[in-house]
Amino acid sequence: MKRDPRLQGLSSDHHQGLVLARTVRDQSQRWTPAAGLTLAERFDAELEPHFRVEEELLLPHLRLGAPALVDRVVDDHATLRRHVGAARDGDASMARAFAQLLHDHIRFEESELFPMCERLLSDEVLDCVWLRWPKTHP
Ligand SMILES: [Fe+2]
Ligand SMILES: [Fe+2]
């Protein structure tokens, strides 16, 4: 099924996120302080704002209908935030763990979370998501 257009801003971020996960996985073979810094900067600029939109606009409206999905998103985001901190401080194994979890998290959101959003969220909520997070990537 085609994604609701109002979720396409978040979905197009997911494509960028999968590319980032592959890059970090490859770099983690020879993890460097520069790679850690670049990852932390990209996380703050791209992933953190995306996580906030999901946490503030999507999750509150899913808590009743899909509590297990909400718990998974919250746990994944918390773990990714922890891993990126450790990776920035030079831990290659945490860079690898970050890359794997980011990949799995994005796949989960595309296959389970967003279809549930399309089923459970009102037009009003989806309109808010679109206004706050329009599609910015090609
Ligand atoms: Fe997420
Ligand atoms: Fe996401």
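Colleague: How many cavities of 30 Å³ or more does a search of the whole structure find?
Modeller: One. Keep in mind that this is a predicted model.

Colleague: OK, and what volume does the largest cavity have?
Modeller: About 50 Å³.

Colleague: Which residues line it?
Modeller: The lining of the largest cavity is made of Asp13, His14, Gly17, Leu47, His50, Phe51, Leu102, His105, Ile106 and Glu109. Helices α1, α2 and α4 each give two or more residues to that lining.

Colleague: Which element gives the most?
Modeller: That's α4, with four residues in the lining.

Colleague: And how do the lining residues divide into nonpolar, polar and charged?
Modeller: Four are nonpolar, four are polar and two are charged.

Colleague: Switching to the metals. What coordinates the iron ion (ligand 2)?
Modeller: It has His14 and His50, each through NE2, plus Glu54 and Glu109, each through OE, at 1.9 to 2.2 Å. Along the chain, those donors follow the spacing H-x35-H-x3-E-x54-E.

Colleague: Why does that spacing matter for how the chain is held?
Modeller: His14 sits in helix α1 (residues 8-27) and Glu109 in helix α4 (residues 92-120), so the pair ties together parts that are 95 residues apart in sequence.

Colleague: Are those two buried or exposed?
Modeller: Buried: His14 has a relative accessible area of 3%, and Glu109 is at 0%.

Colleague: What about the iron ion (ligand 1), which protein donors does it have?
Modeller: Glu54 (OE), His77 (NE2), His105 (NE2) and Glu109 (OE), at 2.1 to 2.2 Å from the ion.

Colleague: And what do the angles around the iron ion (ligand 1) make of the arrangement?
Modeller: The four donor atoms subtend angles of 80 to 175°, so the arrangement counts as irregular. The site of the iron ion (ligand 2) is irregular too, with angles of 81 to 171° among its four donor atoms.

Colleague: How far apart are the two iron ions, and which residue coordinates both?
Modeller: They are 3.3 Å apart, and Glu54 coordinates both. Glu54 lies in helix α2 (residues 33-58) and His105 in helix α4, so that pair ties together parts 51 residues apart in sequence.

Colleague: Last one: how accessible are Glu54 and His105?
Modeller: Glu54 is buried, with a relative accessible area of 0%. His105 counts as buried as well, at 1% relative accessibility.

Definitions and conventions
Residues numbered from 1 in each chain as written. Chains lettered and ligands numbered in written order. Predicted model: local features only at pLDDT ≥ 70, side-chain atom pairs only at ≥ 80, totals over all residues. Heavy atoms only, no water. Donors = N, O, S within 2.8 Å, 3.2 Å for Na, K, Ca; no water. Tetrahedral: all angles 85-135°; square planar, octahedral: opposite > 155°, others 65-115°. Buried < 20%, exposed > 50% of the residue type's maximum accessible area, 1.4 Å probe, protein only. 1 Å grid on protein atoms, 1.4 Å probe; cavity = no way out; pocket = protein on both sides within 12 Å on 5 of 7 lines; lining within 4 Å. Points joined across faces, edges and corners; volume = space filled by probe spheres on them. Nonpolar A, V, L, I, M, F, W, Y, C, P; charged D, E, K, R; others polar.
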